[in-house]
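Open your viewer and get ready to click along.

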Amino acid sequence: MKRRVARMYPDPADEALGVTRGDAFEILDDDGIVASDVEPRDHPEVPLSPAQRDAVLERLGHARTGPWVEDHDRAEASVRPK
């Protein structure tokens, strides 16, 4: 089974605005991107909670298998297909 990881980072489409309105999610395996989506934030200055992140993973057909490892406005977690 291929190792899969979820990555979350500010939506690059928001860079020109200077305000982060959403977070991009990618599910990756050894071959590249398996699934992706953008989740809008409730408020630009408030990052998504771990529960909100998990809901995005669920929608993408995956479940988290490890903790979210955060680095400033980015996060990563091990995942598996549901």
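Start by selecting Ala-6, Phe-25, Ile-27, Leu-57, Leu-60, Trp-68 and Val-79: of the 13 residues in the largest nonpolar core, these touch the most other members. A nonpolar core is a set of buried Ala, Val, Leu, Ile, Met, Phe, Trp, Tyr and Cys residues joined through side-chain atoms within 4.5 Å; buried means under 20% relative accessible area, exposed over 50%, partly exposed in between (1.4 Å probe, protein chains only). Two or more core residues come from each of strand 1 (4-10), strand 2 (22-29), helix 1 (50-59) and strand 6 (74-81), and strand 6 gives the most, with 3. Helices (H or I, at least four residues) and strands (E, at least two) are DSSP runs, numbered from the N terminus.

This is a predicted model: local features need pLDDT of at least 70, side-chain atom pairs count only at pLDDT 80 or more, and totals for chains, interfaces and linings use all residues. Residues are numbered from 1 along each chain as its sequence is written, and side-chain values use heavy atoms, without hydrogens and water.

Next, select strand 2. Since 8 of its 8 residues are buried, strand 2 is largely enclosed by the rest of the structure. Gly-22, Ala-24, Glu-26 and Leu-28 point one way, while Asp-23, Phe-25, Ile-27 and Asp-29 point the other.

Strand 1 runs antiparallel to strand 2, joined by 6 bridges, and Met-8 has Phe-25 as its bridge partner. Strand 3 (residues 32-40) is also antiparallel to strand 2, over 8 bridges, with Ala-24 opposite Val-38.

Technical notes. Two strands pair if DSSP finds at least two bridges between them.
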